[in-house]
Amino acid sequence: MTDKPFLYVVVCAAGVAADVSKLITAAQERDWEVGVIATPTAMNGFFDAAGVETQTGRPIRSAWRRPGDPRPFPAPDAVVVAPATFNTVNKWAAGIADTLAVGTLCEAAGLGVPIAVLPCVADALAAHPAYRDAVARLRGMGVRFADPYAGEGERDGERREFGWERGLDLLRDG
């Protein structure tokens, strides 16, 4: 048992998820205890699950627990969703809690837990009216969004670095 605040990191299936350990490291350096919840698709090789479990000292959650099973994580003091995909943002805003990750986000928002989101959504999908409406709805619920690529120029056609710490900054500054 620890007196540190507890952060849920919700990981979705996007290529940048391979570097989620950077977010965990940054959170731990800021004195957070971390538990990871991943979408079922993200668990299919999008990040090093064993490495993340070693880093956090906790199992990754991706499925509902059975009635009577103990809660593996304490209640969250805050949540960072990174990377947040088109699918997860849209389902969350619509209240479609068909995975543990989305159900957890719906519940945390309903409880008023601070939530920061770092989207990883292609420009074409971000332009979709459903996505724009979902972001507006979640912002209206108090969810904080940041552009993980803000302030960084592209270098010779390479993709810019995903700003993992921006999610933690949103929690601090929000």
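Guide: A strand here is a DSSP run of E with at least two residues, numbered from the N terminus. With that in hand, we can walk through this predicted model together.

Visitor: Happy to start there. Which strand is Pro 83 found in?

Guide: Pro 83 belongs to strand 3. As a general idea, most residues other than glycine have a negative phi, and most peptide bonds are trans. Here, Ala 82 and Pro 83 are joined by a cis peptide bond, with omega about -10 degrees.

Visitor: And phi? Is the phi of Asp 31 positive or negative?

Guide: Positive: Asp 31 has a phi near 75 degrees, although the residue is not a glycine. You will find Asp 31 in the loop that runs between helix 1 and strand 2. Its relative accessible area is 42%, so Asp 31 is partly exposed.

Visitor: Now a pair of helices. At what angle do helix 1 and helix 2 pack?

Guide: The general idea first: two packed helices are described by the angle between their axes and the distance between the axes. In this model, helix 1 (residues 20-29) and helix 2 (residues 49-56) pack at about 5 degrees, and their axes are 10 Å apart. Angles under 35 degrees count as roughly parallel, and helix 1 and helix 2 are therefore roughly parallel to each other.

Visitor: Which residues in helix 1 meet helix 2?

Guide: From helix 1 come Val 20, Ser 21, Ile 24, Thr 25 and Gln 28, and they meet Val 52, Gln 55 and Thr 56 of helix 2. By class, three residues in this contact are nonpolar, five are polar and none is charged. The spacing of the numbers is worth a glance: an α-helix has 3.6 residues a turn, so residues three or four places apart point the same way.

Visitor: Let's go to helix 3. Which of its residues are buried?

Guide: Buried means under 20% relative accessible area. In helix 3 (86-94), the buried residues are Thr 88, Val 89, Asn 90, Lys 91, Trp 92 and Ala 93. They pack against strand 3 (78-84), helix 4, strand 4 (115-119) and helix 6 (129-140).

Visitor: Could we zoom in on one of them? What does Val 89 touch?

Guide: Val 89 is buried, at a relative accessible area of 1%. Leaving out residues up to four places away in sequence, Val 89 touches Ala 84, Tyr 131, Ala 134, Val 135 and Leu 138.

Visitor: What about loops? Is Thr 39 buried or exposed?

Guide: Thr 39 has a relative accessible area of 9%, so it is buried. This residue lies in the loop between strand 2 (33-38) and helix 2. Apart from neighbours within four places in sequence, the contacts of Thr 39 are Val 11, Cys 12, Ala 13, Thr 88 and Ala 101. Compare another loop residue, Ile 96, which sits between helix 3 and helix 4. With 42% relative accessibility, Ile 96 counts as partly exposed. Ile 96 touches Lys 91 and Val 102, not counting residues up to four places away in sequence.

Terms used: Residues are numbered from 1 along each chain as its sequence is written. This is a predicted model: local features need pLDDT of at least 70, side-chain atom pairs count only at pLDDT 80 or more; totals for chains, interfaces and linings use all residues. Side-chain values use heavy atoms; hydrogens and water are left out. Axes are lines fitted to C-alpha atoms, for helices over the stretch in contact, and angles run from 0 to 180 degrees between N-to-C directions. Helices (H or I, at least four residues) and strands (E, at least two) are DSSP runs, numbered from the N terminus. Angles under 35 degrees count as roughly parallel, over 145 as roughly antiparallel, 65 to 115 as roughly perpendicular and the rest as oblique. Contact means heavy atoms within 4.5 Å. Ala, Val, Leu, Ile, Met, Phe, Trp, Tyr, Cys and Pro count as nonpolar, Asp, Glu, Lys and Arg as charged, and the others, Gly among them, as polar. Buried means under 20% relative accessible area, exposed over 50%, partly exposed in between (1.4 Å probe, protein chains only).
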